[in-house]
Every structure is written in C-alpha cells, then in structure tokens.
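The following report walks through helices, cores and selected residues in turn. Please keep the sequence and the structure open while reading.

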Amino acid sequence: MRTLGWILVAMVAARSAAMAFNRLADARLDAANPRTAARALPAGLLSAGFVAWFTVVASAIFVVAAWRLNRLTLVLAPVVLVVLLGYSLTKRFTRWSHLVLGLALGIAPSAAWIAVRGSLDWRIVVLTAAVLLWVAGFDILYACQDFEHDRSVGLNSVPQAFGLNAAFWLARLFHAGMLALLVWICVLFALGPIAYAGVAVVAALLLYEHLIVSPADLSRMNAAFFTMNGVISFVFFVAVAAALLVRR
C-alpha cells in the first residue's frame, strides 16, 4: 500500500505539472483560438505567476514521490519531467508532437513497473508502445478540430501537414498497431482468454470511436476523444486484472 500510495502521488503530481505547464506555454496561442479562448489563463481566471508556481510545486512533489519509491525512479524523475513538460513546446517545431504526447502517457506503465520492481522488464515496454500509438492516434483526431487555426498561425500537426483525410487514415493505422501490441502483451505475459476478450472489446470500442467522427463531421469529437478513451482504458484494465486473478 505504501508503494501504491507514492505511485498515486507521483501520477497526480506529474499530470498536474504537465497540464499546468501546457496551459502556461500555450496561453497566447489559446487566447487566439476560439476553441480554447475560454481556458483559465486567456480568460483571466488565473494569473501566469500562479500557474508557474503551481507547476514548480507539482514537479517538486513528483520528485519527492519518486525519491520515496526507489533509487531508479529518483534517477529517472528528471527525464520524465523533460518529456512531460517538453511536449508542450513540440508543436512549434514538429508535426509529430502527437507521438511525444503518446510517449508522455505511455511511459506511465513502465514507470509504475520500475516503481514496484526497482528495474525494467522489456515486456512492459510493449505496453508503453501500445499506449504511445493509442494516444498519438486519438490526439491526431483531436487536432483535426484546429486544422484551420494551426495553418493560419504556423503550428505543426499531422492534420495541418497532410490534411484531414490523411490524418484520419494515420490515426486508424496507429490504432491498428496499438491493438497488435496489446495482443502481443497478452502473449508475452500468458494472460489467457479473458485478456484476449478484453482486447476484442477494445477493438470494438475503437471501431465505434472512428465511426462516429469523420473528416466531414467532427461534431462528436468530444464523445470519441474523452468518453470512449476513458472506457477503453477501464475495459483493458478490468480484463487484465481479471485474467491475473483467474491465473492465480
């Protein structure tokens, strides 16, 4: 329970630092984008100084949590912060910022493994790769909403670089790769039929996610982006947990 507690502290602190820094770095850009102009900083609900201090404090709490877990988590904590905070700047110089966001979320399972075991098993890196492709795929879809704005202000993204149709196909390719990696995870850890059934449900949910949005109709993007991805993560968690409990 002690390890789980510090993992939860690290997770909340890291995500809080990343989100706060993202809002701080993008404050001017958010103010110019009608979709994001109502966020706290451009709307004047929070000051830049407050958000900057919030980022520093959250980052410090994350480092303390990493220190309380084990030596390797402490050594890697600065690397994690570079990835989490650095993502916010990538859209300024590369169209592949979606992959960096995927990495920022994807390192979580590997980080948790290190927190528990004190070392890294290469098999869990496959799950990191799966999460990377999953997040990158749905972030590409989400970025389609800002296609015109990104082109007008010179921000980089896959939709801005290749157009909406190509962006949708690339998102589908990433999600197909994610499903293949989830199957591989089941094989590597011998998780059994319950886990495979979970992957099948995840595949059905991803298919539904792609069916409710299209280059011509982005109106249901929030349902696809927020609701369905939340369900997908929960389904896979429950399936793997059940598979491990049955195996024991």
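Arg15 is exposed, with a relative accessible area of 57%, where exposed means over 50%, buried under 20% and partly exposed in between, computed with a 1.4 Å probe on protein chains only. Arg15 lies in helix H1, helices (H or I, at least four residues) and strands (E, at least two) being DSSP runs numbered from the N terminus. Between Arg15 and Leu105, which are 90 residues apart in sequence, the C-alpha to C-alpha separation is 9.2 Å.

This is a predicted model, in which local features need pLDDT of at least 70 and side-chain atom pairs count only at pLDDT 80 or more, while totals for chains, interfaces and linings use all residues. Residues are numbered from 1 along each chain as its sequence is written, and side-chain values use heavy atoms, with hydrogens and water left out.

## Packing of H1 against H4

The axes of helix H1 (residues 2–25) and helix H4 (residues 71–90) come within 9 Å and cross at roughly 25°; such axes are lines fitted to C-alpha atoms, for helices over the stretch in contact, with angles running from 0 to 180 degrees between N-to-C directions. H1 and H4 are therefore roughly parallel to each other, given that angles under 35 degrees count as roughly parallel, over 145 as roughly antiparallel, 65 to 115 as roughly perpendicular and the rest as oblique. H1 passes H4 in a right-handed crossing, a term that applies if the near helix is turned clockwise from the far one by less than a right angle, and left-handed if anticlockwise.

On the H1 side the contact (heavy atoms within 4.5 Å) is made by residues including Ala14, Phe21 and Asn22, and on the H4 side by residues including Leu84, Tyr87 and Ser88. The residues of this contact divide into nine nonpolar, two polar and no charged, where Ala, Val, Leu, Ile, Met, Phe, Trp, Tyr, Cys and Pro count as nonpolar, Asp, Glu, Lys and Arg as charged, and the others, Gly among them, as polar.

## Packing of H6 against H9

The axes of H6 and H9 come within 8 Å and cross at roughly 160°, and the two helices are therefore roughly antiparallel to each other. Their crossing is left-handed, and the residues of the contact divide into 22 nonpolar, three polar and one charged.

## Nonpolar cores

A nonpolar core is a set of buried Ala, Val, Leu, Ile, Met, Phe, Trp, Tyr and Cys residues joined through side-chain atoms within 4.5 Å. Of the 49 residues in the largest such core, Trp134, Met178, Leu182, Leu191 and Val202 touch the most other members. The elements that give two or more residues to this core are H5, helix H6 (122–143), helix H9 (164–188), helix H10 (193–211) and helix H11 (221–247), and H6 gives the most, with 14 residues.

Leaving aside neighbours within four places in sequence, Met178 is in contact with Ala130, Leu133, Trp134, Val202, Leu206 and Ile232. A second, separate core of 14 residues includes Ala13, Ala77, Ala104 and Ile107.

Ala115 lies in helix H5 (residues 97–117) and, at 6% relative accessibility, counts as buried. Not counting residues up to four places away in sequence, Ala115 touches Thr3, Ile7, Leu69, Asn70 and Thr73. Ala224, in helix H11, counts as buried at 1% relative accessibility, and with the same exclusion of residues up to four places away in sequence it touches Glu209, Ile212, Val213 and Asn229.

Ala190 is placed in the loop between H9 and H10 and has a positive phi of about 50° although it is not a glycine. Most residues other than glycine have a negative phi.
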